[in-house]
Amino acid sequence: MSMGAAPDDLTTALAACAKGDRTALRGIFDREAGRLVTIAERIVRRRDLAEEVVQESFIRIWTQAHQYQPDRGSARGWIYAIVRNRALNLLRDGKREYTVEDVDVLRERDQVDHVMAAWHRLDRTSRLHDCLGALDDTKRRGILMAYIGGYSHGEIAGRLSIPLGTTKSWIRRGLSALRECMT
Amino acid sequence: MSEDRTDIGGIADEYVLGLLDAMEARQVEADMERDPDLKAAIAASRERFLPLDDTAEPTVIDDDLWSRIDAALPVQGAAPADVSRLTANDNRPGSWRATALAAMVAAVILAVALSFNLMRTVEPLVVAVLVNEAGDIQAIVEDFGNEKAAVRLLADFTVPEGKTIEVWTLPSPERGPVSLGLIDDARSVRLDGPALPKPHDSQLYELTLEQAGGSPTGRPTGLILAKGFAKITR
């Protein structure tokens, strides 16, 4: 898998953004926006909404660039988190405007495929691949559905046909095992 | 929340995965600014899951998208008024500006200075000043910690037919958001809430617009009218 820009480049670009350098933001856009739209689309399901998410996120990256510090993780992780959060918020809000049935139809179509495709594309040499692979299937699916597709606990429980409380505790245990495996 | 949290790693992961509900996520975002351990746990969690983002195939982007961004960028260092306009009519928690938080701090001082509760015989344990997305003060919640709370509205709210204002707090992420009650006539009220642990510093309070009778799910579902973090009264 390609890794996009080197983290140091993005750190430098964020610092330049904080000083008002629009070409630095354009640089981040050129390197990352294509992938970020895909990531947002995996969560919000619609290309137009995904672009809206990325548009708002870049304005946010611009206005908050001065707040970025290495103690918030890598510059890339920070940028990606802004887009993911924005997509998740849009999803949470959007859900309020649909009936439960609409949402089910919207989300069901090909979403589970997306999630499993991402799993199969995950860099096999990565530690994350090893550690996710060591989890049992249900826990792995739950975690992937949440991260990649933006599914809530309730939606995961519904898709996997397991009770909500069980889903929550399985995911919690899966995450705990994952942390242990990756440290 | 920081005090009673036993599983920072778990909370960080659930936040990063997007498994917390909106109100819990906002609390985590506020807490991480004060809690270096939580901030570090969130950073580590993001890095752990980042390889999953690399599985996303980049799509071809129309140059139009950049033009829209470029046109909306505020001048760096200027008041980000443009940003708030961009997301007006949108209750996404992420769009609440940092200035709103700054205004809250100022507002707490203001509220204490105003001392509208000087004549009171029972003192609230915490006071939260609630602001809207623009950072304007909308209400003050006093939580007495004995299943009683008072909400003083400091702005005019328009409540559409068939809707009501519901008051919420987040005692802990484990428990999730809890309703303190409804404000039916958009007037200041005293509420008899459920039995909850003693309110703590920085506990989140918010007002949302819900259907008459209150949220059907028992969780906030509607537009956020105002929110703020509690301060312990001294």
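V28(B) is found in helix α2 of chain B, which covers residues 22-32. This residue of the predicted model is buried, because its relative accessible area is 1% and buried means under 20%. V28(B) and I11(B) are separated by 17 residues in sequence, and their C-alpha atoms are 8.3 Å apart in space.

**Chain B as a whole**

- Chain B contains six helices and eight strands.
- Read along the sequence, the order of these elements is α-α-α-α-α-α-β-β-β-β-β-β-β-β.
- Chain B has 234 residues, and 54% of them are buried.
- When contacts between residues at least 6 apart in the sequence of chain B are considered, 61% of them link residues at least 24 apart.
- The accessible surface of chain B amounts to about 10,500 Å², and carbon and sulfur atoms account for 54% of that surface.

**Chain A as a whole**

- Chain A has nine helices and zero strands.
- Chain A has 183 residues, of which 54% count as buried.
- Among the contacts of chain A with a separation of 6 or more, 62% are between residues 24 or more positions apart.
- Chain A exposes about 7,900 Å², with 52% of this area supplied by carbon and sulfur atoms.

**A residue in the helix α1 of chain A**

- D9(A) has its place in helix α1 of chain A, residues 7-18.
- D9(A) is partly exposed, because its relative accessible area of 40% falls between the limits of 20% and 50%.
- Although D9(A) and R76(A) are 67 residues apart in sequence, the distance between them is 9.5 Å in space, C-alpha to C-alpha.

**A helix pair across the two chains**

- The crossing of α2(A) and α4(B) is right-handed.
- On the side of α2(A), the residues in contact are R22(A), L25(A), R26(A), F29(A) and V37(A). On the side of α4(B), they are D63(B), L65(B), W66(B), I69(B) and D70(B).
- The residues of this contact comprise six nonpolar, no polar and four charged.

- Most residues other than glycine have a negative phi.
- S161(A), which is not a glycine, has a positive phi of about 50°.
- S161(A) is located in the loop of chain A between α8 (153-160) and α9 (164-182).
- S161(A) is exposed, because its relative accessible area is 66% and exposed means over 50%.
- S202(B) is not a glycine either, and has a positive phi of about 70°.
- S202(B) lies in the loop of chain B that runs between β6 (189-192) and β7 (204-211).
- Is S202(B) buried or exposed? S202(B) counts as buried, because its relative accessibility is 9% and the limit for a buried residue is under 20%.

Key:
Residues are numbered from 1 along each chain as its sequence is written. Chains are lettered from A and ligands numbered from 1 in the order in which they are written. This is a predicted model: local features need pLDDT of at least 70, side-chain atom pairs count only at pLDDT 80 or more; totals for chains, interfaces and linings use all residues. Side-chain values use heavy atoms; hydrogens and water are left out. A crossing is left-handed if the near helix is turned anticlockwise from the far one by less than a right angle, and right-handed if clockwise. Helices (H or I, at least four residues) and strands (E, at least two) are DSSP runs, numbered from the N terminus. Contact means heavy atoms within 4.5 Å. Ala, Val, Leu, Ile, Met, Phe, Trp, Tyr, Cys and Pro count as nonpolar, Asp, Glu, Lys and Arg as charged, and the others, Gly among them, as polar. Buried means under 20% relative accessible area, exposed over 50%, partly exposed in between (1.4 Å probe, protein chains only). Accessible areas come from the Shrake-Rupley method with a 1.4 Å probe; for residues, only the protein chains shown count as cover.
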